[in-house]
Amino acid sequence: TKTPTELFINKFAKYYTPLIIIIAALVILAPPLLFGGDWQTWLYQGLAVLIVGCPCALILSSPIAIVSGITRNARNGILIKGGVFLEQLGKLDTIAFDKTGTLTKGEPYVEKTIKYDENFYSIAGAIESASTHPLAKAVMAEVRLRGVDVPEADDIQTVSGQGITATVNGTTYWLGNEKSMARLAIPEQVQAEIRALKDQGLTLVLLADAHHVLGMFGIADQIREESKDVIRELHRNGIRRTVMLTGDHKVTAEKVAKQVGVTEYYGNLLPEDKVTRVKELASSGTVGMIGDGINDAPALASAQIGIAMGKGTDSAIETADVVLMQDHLGKLPEAIRIARKVNRIIRFNIAIALGLKIIALLLTIPGWLTLWIAILSDMGATVFVTLVSLTVLVQRRVE
């Protein structure tokens, strides 16, 4: 896919080439016909104009820099799926992050458990046994630690943004977040314990039957060691807004946001809510969205640049425009620096290509333009912009 700059150059060349031919014809014909000039001299000058007007350097000003930028990032373990995405990456001013698996390790564990029913662990294990969700894995690890026998669950159904319903031993149960418990009249003591776990920044998974809450898990997730440094580096490199989007409750979101240093955070978001937030952010800037899960794919598709973690789900990697092949954010600031360097080099190359041609064309007025100057101007500019574009490949050594 051609980048916006390449599309502009192609459109520009559509008018530029006929204009150069017209100028060359005027240089050949006007002086002899209107001022009695020497035909041979002005034919020579017209040929020089045609040579100097060749848009080689202008056409090459972008694609070589783009390919160099994609190659440099590939060497660093960052897959960029096209030049248009590299150019957009260099224009980012806002980055939205999913929390679980992106800013955190995505390996949640049960930190606290409160149970009100002796069958709490066995029923929870029955419902979560078939799930691959990170929170489900944390619950199953806790159930196995307790050494509880897990029965079979039937009629398992996922409720988007809430949790799971299932039938165990003929009774229907609900397992999920607070939203999944909205139909219940929860006693004040249980509500107090829910608030206490939330105040500790834990993510809650509650289990209930048709009438009562049977217990709850307080789940924590470790923040990635590099997250805080990456956020700081992004701000230093000109990213003005860093936003965390998560389905966890706001207390957990606030705790993680303060630890990593993002400028904004939003909690209790369903997948469609993340899409809405990304679109709102895009209305005031160029937005990149980073995530790793199935639920992140719609938000990745909605952002100008979707960025997936290398060990994320297939749907996230397929949807994303950029893939971090490592399972961390450490290389992201450098990828943005490279993209911005590519954009600067493209603008510089265009200025050089056009500037040299304008200077050479002005030399035709006093009749100073020669074929040698024209050839050196055209080929010199072409070689120069090529060499400048290749500087993107030069990687600084970090001792």
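This is a predicted model: local features need pLDDT of at least 70, side-chain atom pairs count only at pLDDT 80 or more; totals for chains, interfaces and linings use all residues.

Reader: Let me begin with a helix pair: at what angle do helix H2 and helix H16 pack?

Author: The general idea is that angles under 35 degrees count as roughly parallel. Here H2 (residues 39–52) and H16 (residues 371–390) pack at about 5°, with 8 Å between their axes, and the two helices are therefore roughly parallel to each other.

Reader: Which residues of H2 and H16 meet?

Author: From H2 come Tyr44, Leu47, Ala48, Ile51 and Val52, and these meet Leu371, Ala374, Ile375, Ser377 and Asp378 of H16. Sorted by class, this contact of H2 with H16 holds 8 nonpolar residues, 1 polar and 1 charged.

Reader: How do the axes of H7 and H8 cross?

Author: The axes of H7 (residues 120–128) and H8 (residues 134–146) come within 9 Å of each other and cross at roughly 140°. Since only angles over 145 count as roughly antiparallel, H7 and H8 are oblique to each other, and their crossing is left-handed. On the H7 side the contact is made by Tyr121, Ala124, Gly125 and Glu128, and on the H8 side by Ala136, Val139, Met140, Glu142, Val143 and Arg146. The classes here are 6 nonpolar, 1 polar and 3 charged residues.

Reader: Is Val139 buried or exposed?

Author: A residue counts as buried when its relative accessible area is under 20%. Val139, which lies in helix H8, has a relative accessible area of 0% and is therefore buried. If its neighbours within four places in sequence are left aside, Val139 is in contact with Val110, Ala124, Glu128, Val205, Phe217 and Ile219.

Reader: What does the side chain of Thr242 make a polar contact with?

Author: The side chain of Thr242 is joined to the side chain of His235 by a polar contact of 2.9 Å. Thr242 has its place in strand E9 (residues 241–245), and it counts as buried because its relative accessibility is 0%. Not counting residues up to four places away in sequence, Thr242 touches His235 along with Ile95, Phe97, Ile231, Gly261, Val262, Thr263 and Glu264.

Technical notes: Residues are numbered from 1 along each chain as its sequence is written. Side-chain values use heavy atoms; hydrogens and water are left out. Axes are lines fitted to C-alpha atoms, for helices over the stretch in contact, and angles run from 0 to 180 degrees between N-to-C directions. Helices (H or I, at least four residues) and strands (E, at least two) are DSSP runs, numbered from the N terminus. Angles under 35 degrees count as roughly parallel, over 145 as roughly antiparallel, 65 to 115 as roughly perpendicular and the rest as oblique. A crossing is left-handed if the near helix is turned anticlockwise from the far one by less than a right angle, and right-handed if clockwise. Contact means heavy atoms within 4.5 Å. Ala, Val, Leu, Ile, Met, Phe, Trp, Tyr, Cys and Pro count as nonpolar, Asp, Glu, Lys and Arg as charged, and the others, Gly among them, as polar. Buried means under 20% relative accessible area, exposed over 50%, partly exposed in between (1.4 Å probe, protein chains only). A polar contact is a pair of N or O atoms within 3.5 Å; within protein, one must be able to donate a hydrogen and the other to accept it, and residues adjacent in sequence count only if both atoms are side-chain atoms.
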